[in-house]
Amino acid sequence: MTTTLQVSKEKLKKPPLQIQTLGNRVLRQPSKNVSSINEEIRLLAQQMLQTMYSADGIGLAAPQVGVNKRLIVVDLEPDKAEYPPLVLINPAVKKVSNEISLDQEGCLSVPNVYADVRRPTKITVTYRDLNGKPMSLEASGLLARCILHEIDHLDGVMFVDLVENQLDLTPKLVSKGFSMKDVQSRI
Ligand SMILES: [Zn+2]
């Protein structure tokens, strides 16, 4: 049997899950592999998508809703009903390009803060889909960037940790009520 998620891309007044923000420990804990792709996981994926669409996001990782499991959802076309979202279970980056691009990122867990991050422009990622089927995906550009950003969440890494220009980042974070002490710089 194959399952496809029926999720309407609408903004709900009361999204099913709450998004955790920078400073919450759950975002810093490494997530565990999903061992069994069951109804619980399918429901989590569905509710993560509903929560992501409601917050105007294009990606969301399970730790952002307080669940330390290796599951991410991505949708670069949140306004197009016919375009199916991606659900990646136990995603693993297998290849990255030498070519790097610097581009602006944001995060639903650091709302209204945008800063430049360097990422490989092309990646190959393996994962399981909601039916447990092993999949491989080559992605480039924004899709690659988004998938890498979400996978970082599974390892407790936030995009603000990867920002080189701390002089630019600090006032942006502080003005939105966040603290630089919650940034774990990796640069
Ligand atoms: Zn994020």
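The model is predicted, with local features needing pLDDT of at least 70 and side-chain atom pairs counting only at pLDDT 80 or more, while totals for chains, interfaces and linings use all residues. Residues are numbered from 1 along each chain as its sequence is written.

Me: Why is V73 called buried?
Reply: A residue is buried if 20 or more other C-beta atoms, placed from the backbone, lie within 10 Å of its own, exposed if 12 or fewer, and partly exposed in between. V73 has 27 C-beta neighbours inside 10 Å, so it counts as buried.

Me: And what makes Q6 exposed?
Reply: Happy to apply that rule again. Q6 has 6 other C-beta atoms within 10 Å, so it is exposed. Q6 is found in the segment before α1 (39–54).

Me: Which residues is V73 in contact with, leaving aside its neighbours within four places in sequence?
Reply: Contact asks for C-beta atoms, placed from the backbone, within 7 Å. The partners of V73 include A45, M48, L49 and M52, as well as P85, L86 and V87. V73 itself is in strand β2 (residues 71–74); strands are DSSP runs of E, at least two residues, and helices runs of H or I, at least four, numbered from the N terminus.

Me: How do you know that β6 and β7 pair?
Reply: Two strands pair if DSSP finds at least two bridges between them. Strand β6 (residues 122–128) and β7 have seven bridges, in the antiparallel sense, so they meet that definition.

Note on methods. Contact = placed C-beta atoms within 7 Å.
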